[in-house]
Every structure is written in structure tokens, then in C-alpha cells.
Amino acid sequence: MSRSAKTLQSAKSSVQLVAPQTSSSLSEPATDLETRADGLFQAGRLAEALRAYSAAMAEAPDTAVLHTKAGVVARRLGRLKDAETLLSRAVSLDEKAWDAWNSLGNIRADRGDRAGAVQASEPALGPHPRF
């Protein structure tokens, strides 16, 4: 098995799809919306969570964590194209957003884009080499 295939397999089997931690430097309205969305996500009310994350992103459009969380929810809803767009935006806002890179790699793997999956997963593995 090639190094790229091992990287992809390891990343897919070791990382659970979870929302990242709460943002720390948001305005009060954006923080309130994010907190509401996080609760909806945890309750499994994914469509409502996605709407709340979208509202939070309208308040804070340049926040990678919000885009990452929305992308995770969109993936869970089966909206892979939307998820990929949101996660691509997240990594463009924060190149060190390993959770966004990892989720982006998983989406590309879901679509059968092996090379794209490996490419997106490698930045996620740098800070977490045990994956």
C-alpha cells in the first residue's frame, strides 16, 4: 500500500466526525447563534443547526470555526457539495484548521476523489501524527 493510501486509510479510520470547539472572538450575537447551533447539533437537529450556523456566519463571515461546523453538519445531512464549499472556505480562512482539512478529506473520499482526499488529509495529519 502506498504512503498516500496509508495516510488516507489512517485518517478515515481514526478521526470521528465532530464539531470543533467554540469560537472565542465572536461578537455577542454571533456567539449566541453559535451556542444555539452547537446545542441543536448535539441534539441531532441538524437542519436547524445548519440554519443557526449560517446565521452566525452572516454575523461573522470570516470565522473558520463557524464554516467548519456548518460543513460538518452539511456532510451529516448528505449535502456534500455544500459541505465541501463550507470547509474549503474554512481552510482558506485558517490554513491550520486541521479539523476542517480532515473533514474536507473525508468528503472527497466519500465522493471517490482519492487524490483530493489525500491532499486534504495531509495538512490535518501534521499536527496529529498519530492519525
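Modeller: Glu84 and Arg108 pair through their side chains in a salt bridge, with N to O at 3.0 Å. The term salt bridge requires a side-chain nitrogen of Lys or Arg within 4 Å of a carboxyl oxygen of Asp or Glu. Glu84 belongs to helix H5 and Arg108 to helix H6, so the pair ties together parts 24 residues apart in sequence. Helices here are DSSP runs (H or I, at least four residues), numbered from the N terminus.

The model is predicted: local features need pLDDT of at least 70, side-chain atom pairs count only at pLDDT 80 or more, and totals for chains, interfaces and linings use all residues. Residues are numbered from 1 along each chain as its sequence is written, and side-chain values use heavy atoms, with hydrogens and water left out.

Both partners are shielded. Glu84 is buried, at a relative accessible area of 12%. Arg108 also counts as buried, at 16% relative accessibility. Buried means under 20% relative accessible area, exposed means over 50%, and partly exposed lies in between (1.4 Å probe, protein chains only).

The bridge is part of a network. Salt bridges with shared partners join Glu84, Arg108, Arg111 and Asp113. Within it, Asp113 bridges to Arg111, the closest N and O atoms being 3.5 Å apart. Asp113 is partly exposed at 28% relative accessibility. Arg111 is partly exposed too, at 45%.

H5 spans residues 80-93 and H6 spans residues 98-110; they pack at about 150°, with axes 9 Å apart. Axes are lines fitted to C-alpha atoms, for helices over the stretch in contact, and angles run from 0 to 180 degrees between N-to-C directions. That makes H5 roughly antiparallel to H6, a label for angles over 145 degrees. Their crossing is left-handed: the near helix is turned anticlockwise from the far one by less than a right angle.

Glu84 and Arg108 both sit in the contact between these helices, where contact means heavy atoms within 4.5 Å. From H5 come Leu80, Ala83, Glu84, Leu87, Ser88, Ala90 and Val91. From H6 come Ala100, Trp101, Ser103, Leu104, Ile107, Arg108 and Asp110. These residues divide into nine nonpolar, two polar and three charged. Nonpolar covers Ala, Val, Leu, Ile, Met, Phe, Trp, Tyr, Cys and Pro; charged covers Asp, Glu, Lys and Arg; the others, Gly among them, are polar.

The whole structure holds nine salt bridges.

Definitions and conventions
Helix = DSSP H or I, 4+ residues; strand = E, 2+ residues; numbered from the N terminus. Parallel < 35°, antiparallel > 145°, perpendicular 65-115°, else oblique.
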